[in-house]
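Welcome! Have the sequence and the 3D view open side by side, and let us walk through a few features together.

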Amino acid sequence: MEYLVLFLAVAIGYILAYFFKKKGIKQMPQILAFSGAFLLSVTLFELLPEVFESDYEHIGLFIMLGILLQIVLDFFSKGAEHGHVHLHSNQKTFPLLLFISLAIHALLEGFPITGNQNMLIGVVVHKIPIAMILTLFFYKAGFKPIIIGVFLLLFALMTPLGTWFSNEVDMLKQYAVPVNSLAIGVFLHVSTTILFESSKDHKFNLVKLLSIILGITIAYFL
Ligand SMILES: [Zn+2]
Ligand SMILES: [Zn+2]
């Protein structure tokens with residue numbers, strides 16, 4: 001069930017973006033601000049207390065490593081995990097580096113979802129706008145529909161695969177706390193970057209601020 005929901009998050013993002021590919025989506029900044037605030041809140045309210053309940057010693061270190069990992073992945077994805085894509089190549093072939101960095105990110109995102117329904121909702125809310133942004137970008141940049149389709153299909157499979165690994169691979173269960181801590185680092189980096197970039201130039205925007213407050217409030221009452 002959770003595998004299907006995770007897959008559908010990308011599919012829904014893709015379909016929405018497909019229909020709006022001509023007009024674009026004007027509300028994207030507000031949607032992103034909401035999803036960032038929501039993901040950050042679920043991470044702080046659910047996942048963080050959960051890992052600290054264990055008596056594993058190096059949680060802080062693994063969270064930091066997760067942040068560092070996402071910084072490195074960002075060099076290759078150019079920010080696609082948090083809402084903007086820049087590819088500076090005129091080749092319209094499969095963007096392999098972008099895919100690999102997104103795939104590692106998405107795979108890791110799948111691990112903490114095991115047995116944590118609120119985390120599932122958090123990742124779904126985060127994934128829909130990211131899939132929309134990717135799809136809109138690919139169409140705008142003139143990629144072939146088949147490449148867009150294959151890219152998003154493979155991308156959609158990565159997070160369910162991560163969840164499946166953490167559900168089914170016994171060896172990984174032993175490492176659930178460090179792996180989830182790594183994921184917390186990734187979530188912290190991505191969600192705070194979304195929030196940071198959503199107040200570009202420090203301009204006050206009431207709708208964005210309300211989207212952020214709404215994201216926090218809903219996550220709190222989950
Ligand atoms: Zn960025
Ligand atoms: Zn993500």
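## Before we start

A residue is called buried when its relative accessible area is under 20%, exposed when it is over 50%, and partly exposed in between, using a 1.4 Å probe and protein chains only. This is a predicted model, where local features need pLDDT of at least 70, side-chain atom pairs count only at pLDDT 80 or more, and totals for chains, interfaces and linings use all residues. Residues are numbered from 1 along each chain as its sequence is written, chains are lettered from A and ligands numbered from 1 in the order in which they are written, and side-chain values use heavy atoms, leaving out hydrogens and water.

## The zinc site

Which residues hold the zinc ion (ligand 2)? His105 (NE2), Glu109 (OE) and His126 (NE2) coordinate the ion, at 1.8 to 2.0 Å. Donors here are N, O and S atoms within 2.8 Å of the metal (3.2 Å for Na, K and Ca); water is not among the atoms, so sites may look incomplete. Along the chain, the donors of this zinc ion follow the spacing H-x3-E-x16-H.

Glutamate 109 belongs to helix α4 (residues 96–110) and histidine 126 to helix α5 (residues 117–140), so this pair ties together parts that are 17 residues apart in sequence. Helices (H or I, at least four residues) and strands (E, at least two) are DSSP runs, numbered from the N terminus. Both glutamate 109 and histidine 126 are buried.

## Helices α3 and α4

The axes of α3 and α4 come within 8 Å and cross at roughly 150 degrees. Axes are lines fitted to C-alpha atoms, for helices over the stretch in contact, with angles running from 0 to 180 degrees between N-to-C directions. The two helices are therefore roughly antiparallel; that label covers angles over 145 degrees, while under 35 is roughly parallel, 65 to 115 roughly perpendicular and the rest oblique.

Leu69, Gln70, Leu73, Phe76 and Ser77 of α3 meet Leu97, Leu98, Ser101, Ile104, His105 and Leu108 of α4, where contact means heavy atoms within 4.5 Å.

## Helices α1 and α6

Helix α1 (residues 2–19) and helix α6 (residues 145–168) have axes that come within 9 Å and cross at roughly 160 degrees. This pair is therefore roughly antiparallel too.

## A look at isoleucine 71

Is isoleucine 71 buried or partly exposed? This residue of helix α3 (residues 59–77) is partly exposed, with a relative accessible area of 34%. Its C-alpha atom is separated by 28 Å from that of valine 169, 98 residues apart along the chain.
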